[in-house]
Amino acid sequence: MSDVKPRDEHAGGCACGAVRYKMAGPPMFVHCCHCRDCQRQTGSAFVINALIETDRIELLFGRPEPFAMPTDSGRPHDVYRCTTCGTAVWSDYGKRPGLRFVRVGTLDDPSEIPPDVHIYTRSKLPWVTLPAGTAAFPAYYDMKTLWPAESLQRRHAVSKK
Ligand SMILES: [Zn+2]
Ligand SMILES: [Zn+2]
């Protein structure tokens with residue numbers, strides 16, 4: 001018998017451990033966003049967002065609370081944070097209760113979920129070199145041409161709720 005604990009796939013949490021979650025299965029699509037909002041809000045070069053149905057996020061511990069963020073576009077953006085340490089674990093963009101953007105950096109192993117697309121590269125920091133072979137766009141992009149059919153179906157099902 002092995003004493004190695006099986007690692008939970010796509011599990012993550014905040015810095016203090018008060019919030020722990022697990023994504024039930026793979027995300028629909030993964031954005032690496034280089035927009036100014038994401039840079040400002042994270043204090044970094046970009047953010048990695050895994051798009052997934054809210055009901056596929058299993059809260060194992062704690063409950064992050066929404067914080068309304070101002071955006072350059074004026075569209076609503078609620079960032080869900082641990083109320084103890086303030087770590088942002090996911091976002092609701094545009095008041096869509098069925099859809100969450102999970103911050104991949106909060107996963108126990110962020111390398112499990114590489115970006116499918118780089119967006120808003122017009123404000124990408126000049127020293128960030130993007131990998132050849134991953135789609136990249138100066139601003140947003142057309143989901144219908146880029147997403148796998150199964151992911152589009154899942155996204156459509158969220159819209160109907
Ligand atoms: Zn915390
Ligand atoms: Zn962004």
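This is a predicted model: local features need pLDDT of at least 70, side-chain atom pairs count only at pLDDT 80 or more; totals for chains, interfaces and linings use all residues.
Colleague: Which hairpin has Gly94, and what is its phi?
Modeller: Gly94 belongs to the hairpin of β8 and β9, where its phi is positive, near 80 degrees. That hairpin has 5 residues between the strands.

Colleague: How many bridges join β8 to β9?
Modeller: There are 2 bridges, and β8 runs antiparallel to β9, which covers residues 99-103. Within β9, Phe101 is the bridge partner of Ser91.

Colleague: And what does β8 do with β7?
Modeller: Strand β7, residues 77-81, pairs with β8 in the antiparallel sense over 5 bridges. Tyr80 stands opposite Trp90 in β8. The two strands form a hairpin with 6 residues between them, and Gly86 in the turn has a positive phi of about 85 degrees.

Colleague: Is β8 mostly covered or uncovered?
Modeller: Mostly covered: 6 of the 6 residues in β8, which spans 88-93, are buried.

Colleague: Changing topic, what is the strand order in the open sheet of 3 strands?
Modeller: The order is β1-β2-β5, and the pairing is antiparallel.

Colleague: Why is one side of β1 and of β5 left without a neighbour in that sheet?
Modeller: β1 (11-13) and β5 (57-61) are at the edges and each has a single partner strand, so one side of each lacks a neighbour in the sheet. From one strand to the next, the twist averages 30 degrees.

Colleague: Which residue stands opposite Tyr21 in β5?
Modeller: Leu59 in β5 stands opposite Tyr21. Strand β2, residues 20-23, is joined to β5 by 4 bridges, and the two run antiparallel.

Notes
Residues are numbered from 1 along each chain as its sequence is written. Chains are lettered from A and ligands numbered from 1 in the order in which they are written. Side-chain values use heavy atoms; hydrogens and water are left out. Buried means under 20% relative accessible area, exposed over 50%, partly exposed in between (1.4 Å probe, protein chains only). Two strands pair if DSSP finds at least two bridges between them. Axes are lines fitted to C-alpha atoms, for helices over the stretch in contact, and angles run from 0 to 180 degrees between N-to-C directions.
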